[in-house]
Amino acid sequence: MTTSTKQKQTTTSRPITITAVVDAVGVLASDSTSGEVYLYDTNKSGGSTGFGTQELKTKVKRGDHLLWTTIALECEAHVAIHGIDIDKTVCEPERKVYPNTDVAYWTGTVKKDIDGAVPYRISFQVGTRNDPITTALSPALVG
């Protein structure tokens, strides 16, 4: 076994992190996520586009690990991801919690190469609102 082969076998790719920055006050005031959610990911150099919009296109390939997190624009506001609705033949997001905390995140693995775009929706728990609210526009995973 050559050195380069060993390096390929031991190299693991870092997850692609998708972060939703949510203006909780704006969502509660307008009862909509339209113009109040800004999506970013860590794969700009890999070809992702649409940063800062709800129509983020995250470039992925089979085997990529995805990690969804959320941040409230206002530090005193509560925002959490309630669910991610996506074609389960492509990815099955799962809610997890960092050990010894109540900080949640969602993770999933891309099951196959994608030809085109696979849109998905994120629903959020915002403030004291009882019902989750879903993104007005769809981000997507793209091949």
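The largest pocket in this predicted model has a volume of about 300 Å³. A pocket here is an open set of points on a 1 Å grid over the protein atoms alone, where a 1.4 Å probe fits, with protein on both sides within 12 Å along at least five of seven lines; lining residues have an atom within 4 Å of a point. The volume is the space filled by probe spheres set on the points, which are joined across faces, edges and corners.

Strands are DSSP runs of E, at least two residues, numbered from the N terminus.

Local features need pLDDT of at least 70, side-chain atom pairs count only at pLDDT 80 or more, and totals for chains, interfaces and linings use all residues. Residues are numbered from 1 along each chain as its sequence is written, and side-chain values use heavy atoms, with hydrogens and water left out.

Now the rings. The whole structure holds two aromatic pairs, meaning rings of Phe, Tyr and Trp (its six-membered ring) with centres within 6.5 Å; planes under 30 degrees apart are stacked, over 60 edge-to-face, the rest tilted. W68 and Y120 have ring centres 5.8 Å apart and planes at 75°, so they are edge-to-face. W68 lies in strand 4 and Y120 in the loop between strand 8 and strand 9, so the pair ties together parts 52 residues apart in sequence. Y98 and Y105, at 4.4 Å and 35°, are tilted.

Terms used. Helices (H or I, at least four residues) and strands (E, at least two) are DSSP runs, numbered from the N terminus.
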